[in-house]
Amino acid sequence: MKTDAGVNAEYSPVYQKKKKWNKIVPYLFISPWIIGFIVFTLGPLLFSFIISFFDWPIVGEKKFIGLTNYMTMFTDDPLFWSSLWITFKFALFFVPLNIILALLLAMLLNQKVKGSSWFRTFFYVPSVISGVALAMIWGTVYDGEYGILNYLLSFIGIEGPNWLNDTSWALVAMVIASLWGQGTMMLIFLSGLKNIPQDLYEAAEIDGAGKIYKFFKITVPLLTPTILFNLIMTIIGAFQTLTLALVLTGGGPLQSTYFYAMYVYENAFKYFKMGYSSANAWVMFIIILSLTMLVFKSSSVWVYYENEVKNDK
């Protein structure tokens, strides 16, 4: 029970001022992030949406043209459809391969072997290499005459193709090079594997379950929340692929690696059509958002959380 003095203290000006200050303090701590988000993310995002309705050259008069940029894109720009189709083909191969490879590496590093921490560092290092440096490394690997990859293939009697100058292999080369930086996703999968209770595996072994059964009935179901996160991040990354193709092929040969992100980039910084490029970027945003929402919608069927039981209908 509060005394009269305590009740009076709660309503005193000093107490009320201190109470208000305590509510403000948390926002002061996160204010740098809030300011950065408004200035560097939300502000440019809204500005790009506004200028997508303008004919907005870098130098010259800006003119409001309504939906003309969007109409031109869908009806009178073959590069829009071709770059979008190439990006979808890239994502179709890259997304599942990226998930599978990262999961396999995480499972290998989850084994209790001596020096596992060194292996984790070794597999993570490629993910910290800058995109341009990585592209230059792969340029050496893919060189048709003096490339390391074709040199290794020659030992087993295979004559390697001219990877970056062959329309049949250029996109495949982009997929392989993009699979190189597995470090971050691998560590996320490894964290998910560490969180799976070991007693589930022990109980399964007592019942006579083998490794394949434990993988598909214990590991995969309990890892589905992690798979969901990595799947969404991989889809976003696939549709934003730019640096490797820009440095290695410039979109060639014959625009076989002309990704949608390169299409947006060139409209902005090569042809200086900032309004049109902003419209391109917003279409990309809508496509990525739609795919993400589709994945989230489907997650109720295949994603399992701890202590959750799904009823088969």
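Predicted model: local features only at pLDDT ≥ 70, side-chain atom pairs only at ≥ 80, totals over all residues.
Contact here means heavy atoms within 4.5 Å.

Not counting residues up to four places away in sequence, Tyr 263 touches Met 73, Asp 77, Leu 79, Phe 80, Ser 83, Tyr 258, Tyr 276 and Asn 280. Tyr 263 also belongs to the largest nonpolar core, which has 49 residues. The residues with the most contacts inside that core are Met 73, Phe 90, Met 174, Tyr 260 and Tyr 263. At least two residues of this core come from each of helix 3 (68-75), helix 4, helix 6 (131-142), helix 8 (170-178), helix 11 (211-239), helix 12 (243-248), helix 13 (260-269) and helix 14 (274-302). Helix 14 supplies the largest share, 8 residues. Apart from this core lies another, of 18 residues, among them Ile 99, Leu 103, Ile 196 and Tyr 201. In soluble globular proteins, nonpolar side chains tend to be buried together.

Thr 87 lies in helix 4. Its relative accessible area is 1%, and because buried means under 20%, Thr 87 counts as buried. Leaving aside residues up to four places away in sequence, Thr 87 touches Ala 238, Phe 239, Phe 259 and Tyr 260. Of these, Tyr 260 is among the residues with the most contacts inside the largest nonpolar core.

Next come two helix pairs. Two packed helices are described by the angle between their axes and the distance between the axes. For helix 4 (residues 78-109) and helix 9 (residues 183-194), the axes come within 8 Å and cross at roughly 55°. That angle makes helix 4 oblique to helix 9. The crossing of helix 4 and helix 9 is right-handed. On the helix 4 side, the residues that meet helix 9 are Asn 98, Ile 99, Ala 102, Leu 103, Leu 105, Ala 106, Met 107 and Leu 109. Their partners in helix 9 are Met 185, Met 186, Phe 189, Leu 190 and Leu 193. By class, this contact has 12 nonpolar residues, 1 polar residue and no charged ones.

Helix 10 contributes Leu 200, Tyr 201, Ala 204 and Glu 205 to the contact, and helix 11 contributes Lys 214, Ile 218, Thr 219 and Leu 222. These residues divide into 5 nonpolar, 1 polar and 2 charged.

The last stop is a loop with some backbone exceptions. Most residues other than glycine have a negative phi, and most peptide bonds are trans. The peptide bond from Gly 252 to Pro 253 is cis, with omega near -5°, and Pro 253 lies in the loop between helix 12 and helix 13. Leu 254 lies in the loop between helix 12 and helix 13 and has a positive phi, near 50°. Gln 255, also found in the loop between helix 12 and helix 13, has a positive phi of about 60° although it is not a glycine. Leu 254 counts as exposed, at 79% relative accessibility, whereas Gln 255, at 40%, counts as partly exposed.

Key:
Residues numbered from 1 in each chain as written. Heavy atoms only, no water. Axes fitted to C-alpha atoms, helices over the stretch in contact; angles between N-to-C directions. Helix = DSSP H or I, 4+ residues; strand = E, 2+ residues; numbered from the N terminus. Parallel < 35°, antiparallel > 145°, perpendicular 65-115°, else oblique. Left-handed = near helix turned anticlockwise from the far one by under 90°. Nonpolar A, V, L, I, M, F, W, Y, C, P; charged D, E, K, R; others polar. Core = buried A, V, L, I, M, F, W, Y, C linked by side-chain atoms within 4.5 Å. Buried < 20%, exposed > 50% of the residue type's maximum accessible area, 1.4 Å probe, protein only.
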